[in-house]
Amino acid sequence: MNHSHEQRLARVFVELADTLIDQFDIIEFLNMLVERCVELLDVAAAGVVLSDQRGGLRMAAASSEQARLVELFAVQADDGPCLDCVRTGLPVSSANLADENARWPRFAVAAREAGFRAAHAVPMRLRQTVIGALNLLNTESDGVDETSVSLGQALADVATIGMLQHRAIDDSAILTRQLQTALNSRVVIEQAKGVLSAHAGVDMQAAFVALRAYSRSNNLRLSDIAREVAEGTADLDAIAAGGQVSPPRQERH
Amino acid sequence: MRALVTANDDGLPPALTRICGLAVSELVVTGAGVTLMHRPGTPDAQQRLARATDAVAVGLEDLQLTVGEGPGLSAVTAGAPVLVPDLAVAGARWPAFTPGALALGVAAVFAFPLQLGVIGLGSLDCHRAATGSLSPPQAVDGLVLAELAFESVLDEIAGRPPEDLGWISDIHAEVHQASGMVSNQLGISMREALLRIRAHAYAHDLPLATVARQIVDRQLLLGAQE
């Protein structure tokens, strides 16, 4: 790993730690995590699935909201590396998804259809509790390299601590609240994507990009702006126009 | 929802009685109640107790209604359970609610929202006469019961007997996306949009996921009078 790469990595850890301080938004935090994974690690796509605490897994963040990638995290409710990883609490990998039809009947097919050849899942784990998994995907069938996996695990560890914050981490009530907040926020984002998609005549990926750009350029929490969109109180034209709040109209002289 | 919120008890799903009973036995609490809310946090907010297992649960819901704050309202606002194992210690966040609740003999409260994204229907509020946390499996039971309560209230709004409880746990991103699209296209609330999509699936004997996919792919446009 070269010097500038290390510097970028150090900046990402600082950035992740920085977001924990106030106005914490779990979904935004996990979204940043998967985006940085793709930027820094040798992977084509990344996603986070979280336990719904009822034996199921739900997608919380993906490095792109393209339908095929989102679907790939959704099918892991039935089988796939994330489900195995959450069940065992151990990393799970496949260097060649073409060989995995028996192991993961739904995931292997969906992953290949989406263009992926290798997958790795690392647990988001705090002591005995596994709250979810970080999934790294690659388009080459030689796996995800070891450096990427160990850095991915480090990022997943930071994210897990981040989700539970600096509170009494043995308190299962905190865990329940944080997981359910994250999962409900994710539903709000899907609802908001639908509203924007219909309003602006764009696909779900473009709707998400507009939503996120608007939240960033106006320094608003992603979950808050998504809620306003889904509840019908946001300025949809401004959001669809590329994320900038339109300046106050000037009086003509 | 307005109709339901102002309806007689007769109009409410019998499933809610069973859900409250299960909450008492499975979460090992003293009592439980379900409060329905319409537009919580807005000027035209309405809320109404739908079911309660005991007089204390009725008193707690009256109190939340009167003072306009409490764990149930906080749970719906936050979109996550509010679990308070010792109200005397942690109740300062509800200065008007807490003294009244303690006076009713309530030592711990556990509120679970009836919620799906921005669709908030109310909360399942459980109380205990002694302090102490829910165990993790008890908290999970609370989540499941709140999910069932959400379904049975939604089915009641749709005027359909809740015969297929459990469908919520199977719905995926596209159903939420389709709800957002229909909400925008028809200028209706997210709750109304989900009900329209369900009604279409029901009427055409199609899985909810299939109808949602057709809407997201813009192959199906639900009409205003569907």
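Among contacts in chain A of this predicted model between residues at least 6 apart in sequence, 64% join residues at least 24 apart. The chain holds 10 helices and five strands. Of its 253 residues, 45% are buried.

Chain A is divided into two domains. Domain 1 covers residues 3-166, and domain 2 covers residues 185-240. Their centres, taken over C-alpha atoms, are separated by 24 Å. Across the boundary, 13 residues of domain 1 of chain A are in contact with nine residues of domain 2 of chain A. On the domain 1 side, helix 2 (26-40) and strand 2 (57-62) of chain A each supply at least two residues. Helix 2 of chain A gives the most, with four residues.

One position in chain A was examined in more detail. Gly80(A) lies in the loop between helix 3 (67-74) and helix 4 (81-88) of chain A. Is Gly80(A) buried or exposed? Gly80(A) counts as buried because 29 other C-beta atoms lie within 10 Å, against a threshold of 20 or more. Leaving aside residues up to four places away in sequence, Gly80(A) touches Val75(A), Trp104(A) and Phe107(A). Leu236(A) is 156 residues from Gly80(A) in sequence. In space, the two are 37 Å apart, C-alpha to C-alpha.

Chain B also has two assigned domains. Domain 1 of chain B runs over residues 2-157, and domain 2 of chain B over residues 171-216. A distance of 28 Å separates their centres, again taken over C-alpha atoms. Four residues of domain 1 of chain B are in contact with five residues of domain 2 of chain B. On the domain 1 side of this contact, three residues are nonpolar, one is polar and none is charged.

Within chain B, helix 3 spans residues 55-67. Helix 3 of chain B has 13 residues and reaches 18 Å from its first C-alpha to its last. That span is close to the 18 Å expected at 1.5 Å a residue. Which residues of helix 3 of chain B are buried? They are Ala57(B), Gly59(B), Leu60(B), Glu61(B), Leu63(B) and Gln64(B). In general, an α-helix has 3.6 residues a turn, so residues three or four places apart point the same way. The buried residues of helix 3 of chain B pack against both strands and helices of chain B. The strands are strand 1 (31-38), strand 2 (46-52) and strand 5 (119-128) of chain B. The helices are helix 4 (71-78) and helix 6 (97-103) of chain B. Just after helix 3 of chain B comes Gly68(B), with a positive phi of about 70 degrees.

The two chains also meet. Their contact takes 28 residues from chain A and 28 residues from chain B. On the side of chain B that touches chain A, the elements giving two or more residues are strand 4 (108-116), helix 7 (136-157) and helix 8 (173-186) of chain B. Which element of chain B gives the most to this side? Helix 8 of chain B does, with 10 residues. By type, the residues on this side of chain B divide into 15 nonpolar and 13 polar, with no charged residues.

Terms used
Residues are numbered from 1 along each chain as its sequence is written. Chains are lettered from A and ligands numbered from 1 in the order in which they are written. This is a predicted model: local features need pLDDT of at least 70, side-chain atom pairs count only at pLDDT 80 or more; totals for chains, interfaces and linings use all residues. A residue is buried if 20 or more other C-beta atoms lie within 10 Å of its own, exposed if 12 or fewer, and partly exposed in between; C-beta atoms are placed from the backbone. Two residues are in contact if their C-beta atoms, placed from the backbone, lie within 7 Å. Ala, Val, Leu, Ile, Met, Phe, Trp, Tyr, Cys and Pro count as nonpolar, Asp, Glu, Lys and Arg as charged, and the others, Gly among them, as polar. Domain bounds come from an automatic or database domain assignment. The expected span of a helix is 1.5 Å times one less than its number of residues.
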